[in-house]
Each structure stands twice: as C-alpha cells, then as structure tokens.
Amino acid sequence: MATVTQEQVNPLVEGLERLPVHPTTLVIFGGTGDLAHRKLLPAIYNLAHEGALPERFDLIAVSRADIPHDNYRSMARESITKYSRRKPDPQVLEKLLDRVRYVPGTFDDDSVFDRLGDQLKDFDDEAGIAFNRIFYLSTAPKFFPLIIRKLGDHGLERRKDAEVRVVIEKPFGTSLAEAQQLNREVLSVLDEKQVFRIDHYLGKETVQNMLAFRFANGMFEPIWSRNFIDYVQITSAEDLGIGRRAGYYDSAGALRDLVQNHMLQLLSLLCMEPPVTFTADEVRDEKVKVLHAVKAPTPEDVAEITVRGQYTAGMAEGADVPGYLQEEGVPPDSRTETYVALRLKVDNWRWAGVPFYLRTGKRLARKVTEIAVTLKPVPHLAFKAAGSVGVQPNQLIMTMQPNEGVSLSLGAKIPGTRMRIRPVNMEFLYGTAFLSQSPEAYERLILDAMRGDATLFTRNDEVEAQWRICDPILQGWAHQDGALPTYPAGSQGPEDANRILVPDDHWRAI
C-alpha cells in the first residue's frame, strides 16, 4: 500500500499554519475613538477567533473618558458585534474581554502613565513572565510626540527580557519639516526597530500580492520595464463625501490624505527592484530607492503635472448630495482639494520615460482602488475587419477594493466567419480562489507588529522621501490664484484632469 506523502496534502492550506507569537500586552491610546471602535477591536477579535493571538494576550485601553473596566468591556463587545467581519463566537469573545482593562485620563497626566505601568506590571506578575508590549497610538497626531515622551519619562519604552514596540497611525506630519521633527522626537526615545508607522493599505492582500505576481511568476518580471510598459495608472476613488471629517479633511486635502502615504507606497511597491531577501529592511531599502528616483517637481512643473478640484452638488448613492463647500464645518471660501491627479516619472534604468498617473478623489462615480498597467501596443495591426473593436493594448489590473483580485485583458477573436477582435478578461478573485476569507488589513498589520515584522510598515527615510515629492506640490498650489476646477458629485472628476495626460494616453473609467 502506498504511503501518504507530504506532497499529497491539500495545497490550498499549505503555508496557512500559525507561527507562535510571544505573550503580548497591547495598549491602545485612544481606545474609545472611532478607529478603535470600527477597526482595531474587531481586528483583535478576528485574530483571537482564528487562534492567531499569542496564548497569553492582554489588552489595555487608555482614553479620556472616566469609565470603569466593565463599561469599556461592554463598549468593546458592541464594537466587535457591529463591525467584525464574522459573527462573534460568545466563548471566544468572553475569553478575550476577560483580559481587557481600561485606564482613564488625559495624555499629559503623569498619573495615567503611572497607572498604566502598574497595570502592565500586574499582568507580568500574574503570568510570571515578561510580556512583549505594543503601544498603539490611535489618537490625533498632535499627541504622538507627547505620548512617546511620556513613555520614555516613565521608563515604559524598554522592558528587560521582552520587546517594546510603538505603532504610529498616519498622518506622520503634514509637511517635510514636520515629519523630520516628529522623527527626531520619536527616535530620541525609541530605536527605529521599535517604531512601526502604519499604512493600512499595505495590509491589503492585493497590495502584498503585487510582489508575488512580480517575483514569483516568470511571465511578468521580464516585461516589467519601460521596454514593454506604456504607462501606469494608480486610482483611489471614493463615492462618499467627507462626512463628519471636515475638521481634519479641510486642513489636509486629498494630497496629504491619500497621495503622500497610500499612493506613493503603491508606486514604490510596483516599481521596486527584487530584494535579495524578503526581510523588512531589504524590502524597504528597495522602496526608498524608487522614491528617491521620483524627481521632486519644481514650482513650474506643478502647473504642468498636477490637477486638483473640488466636488460640487450632484447625485451619489441614488440621492442628491451637497457640494464640498456646503458640507457641515467647511469654510465657504475653502480651497482644499477633494480631487488630485499627478503625472510622475521614476528616473531610473527600468522606468525611464514611463508616465505614472496617480489620482484620488471624494464623491466620484464609484469606490475603487486599482493599479492599471498598460502594455505597449503590438507593432502591426493586421486585424481591421468591419465590426471589430480592434486590437487594444493589454492591461494588467490589480484591484485592492471593493473586490480584491487581478485581471489581464487579452485580444481574442469574436466567434464567426470573419477575423474580428475584441478585448476579453482573464480574472483571479481572492473570494473564489482560496478556502479562507481574506483577513482585514488591520488584522495582518497588528499581528505583524506583535511578531516584530516591519516589512509592511514605513521606515523613517521612506516617510521623508514621500514628503520630498509632495512638499513642492503643496508649495506650488499655495501660490496659484483663481478658482479651483470643480466636478459634480458622482462624476469622473474634473475635465481638466485630461490636461496632464501624454498624447494617446487616457484615463480608465471609474
């Protein structure tokens, strides 16, 4: 009788085994805030549901509201029940909530950090071991340096026989000077290896799959250069408006909110050279090289390679919606952009001459985040039969949301007696290709932080390189006069966006 070999195991579950994680206490500063409510607590529950959390795991929330532990547990239960991607299992949920504690107070109050230190020590003493500690800064950016300074003042930035790490949410500064100053303040207390600057886009499966498609498939890497690629579009469109975020959004705008972080990260992953090994620093070294190869625009360039706009009243989600200037909390004379499109160049051997178009906006036709890589057209068009759509350039589309997957457009013959050609798509969708549901981005990133794997987090030099690209654009806009271009809510964006396209290039429909 033949013996069962390892090769006969179901290949779809291979590699899904869990690596052990050191016992950890996670501290969420801003534990009653919207991010904790909608994303962090549900992500932690789903990790617990899948058995991915360490066997010993504790959670401490720190926030201003003066409430007892039990009230916070009730709030956490409601958040998880409402926002978890799966219906909570009562046993798993109760076991998780049993290890939750709450420390009330403001972040400038030394007694808060004394009580936090006591609670951390109690957890360690109860278990008889030194827990790793993750401090997650889910607060307004103005509190980042204050909290980190207080952690240092109270001796919480180090722990003998354990690791201490700090996760910092975006935005990391609002300009190059601010980012540099924040880096100096953070690194005066912590080592760079302790700092995990989070960008949740990097936790999305399709973003990581970009590296797999490039470096694990022999058919793609040989064509991944200026020799075969005509142009690239990176789109992050939303059909929603700003909601109740006017206070933040009107001081930030689309460039700071999405381009400086998410979209430049996508660009660097798309264009990076193969790292020697897939370790955190090797990957991030290659990403930084790409960002350094993107020439910072001059003030003269800004008018030529950028377009910005504001949405006006229109139709969205089947209803009439107000324009940006009519949104609650927005000043009537605001010049904040809700749409931005850029044309950038990566000046290195691989990408010289290839235009990279980045665009993002609120209140566009639909919600979609995708990267479209358009290959150069075939050199000779022999198929010109009447009724034929014709030979279109091949496109590789990587979609991050709403439906994660990859599609490749090919030219195919239409059935019939004549040689007529039209584009068809070959598609791969995460939802149908694998047995397990894709985890939420925050699940992957929280687990990576607990493991100490910084591959999907942004290093200090990456942040500053991103700002060196965006700072001149903001400065150029500050000196531009006249009204901003506008676009109706629910549309494709301002018509002026076509101005930055190289002849024969065109925007994909949103």
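1. How many of the ten residues of helix H5 (residues 144–153) are buried? Seven of them are, so helix H5 is largely enclosed by the rest of the structure; here buried means under 20% relative accessible area, exposed over 50% and partly exposed in between, with a 1.4 Å probe and protein chains only. Helices (H or I, at least four residues) and strands (E, at least two) are DSSP runs, numbered from the N terminus.

2. On the basis of these values: this is a predicted model, in which local features need pLDDT of at least 70 and side-chain atom pairs count only at pLDDT 80 or more, while totals for chains, interfaces and linings use all residues. Residues are numbered from 1 along each chain as its sequence is written, and side-chain values use heavy atoms, with hydrogens and water left out.

3. On helix H5 in detail: the buried residues are Phe144, Pro145, Leu146, Ile147, Ile148, Lys150 and Leu151, so the list takes in a lysine as well as a proline. Their cover includes strand S1, helix H4 (110–127), strands S4 and S5, and helix H6 (176–187), where contact means heavy atoms within 4.5 Å. Gly155, which follows H5, has a positive phi, near 70°.

4. On helix H12 (residues 441–451): this helix is mostly covered, with nine of its eleven residues buried, namely Ala441, Tyr442, Glu443, Leu445, Ile446, Leu447, Asp448, Ala449 and Met450. Among the elements that cover these residues are strand S1 (24–29), helix H1 (34–49), strand S2 (57–63), strand S4 (132–137), strand S5 (164–168) and strand S6 (195–197). After H12 comes Gly452, with a positive phi near 85°.

5. On Glu443: this residue is found in helix H12 and, at 1% relative accessibility, counts as buried. Leaving aside neighbours within four places in sequence, Glu443 is in contact with Ala43, Asn46, Leu47 and Arg85. Glu443 and Thr417 are 26 residues apart in sequence, yet their C-alpha atoms are 53 Å apart in space.

6. On the cysteines: the structure holds zero disulfides, a disulfide being a pair of cysteine sulfur atoms within 2.5 Å. For Cys271, the closest cysteine sulfur is that of Cys470, at 15 Å, which is too far for a bond. Cys271 is buried, with a relative accessible area of 1%, and Cys470 likewise counts as buried at 1% relative accessibility.

7. On the chain as a whole: the protein chain has 13 helices and 17 strands. Its radius of gyration is 25 Å, close to the 24 Å that the globule rule gives for 510 residues, so the chain is as compact as a globular protein of that length; the radius is taken over C-alpha atoms, and the rule is 2.2 Å times the number of residues to the power 0.38. The C-alpha trace spans about 80 × 80 × 45 Å along its principal axes. Of the 510 residues, 52% count as buried, and among contacts between residues at least 6 apart in sequence, 78% join residues at least 24 apart.
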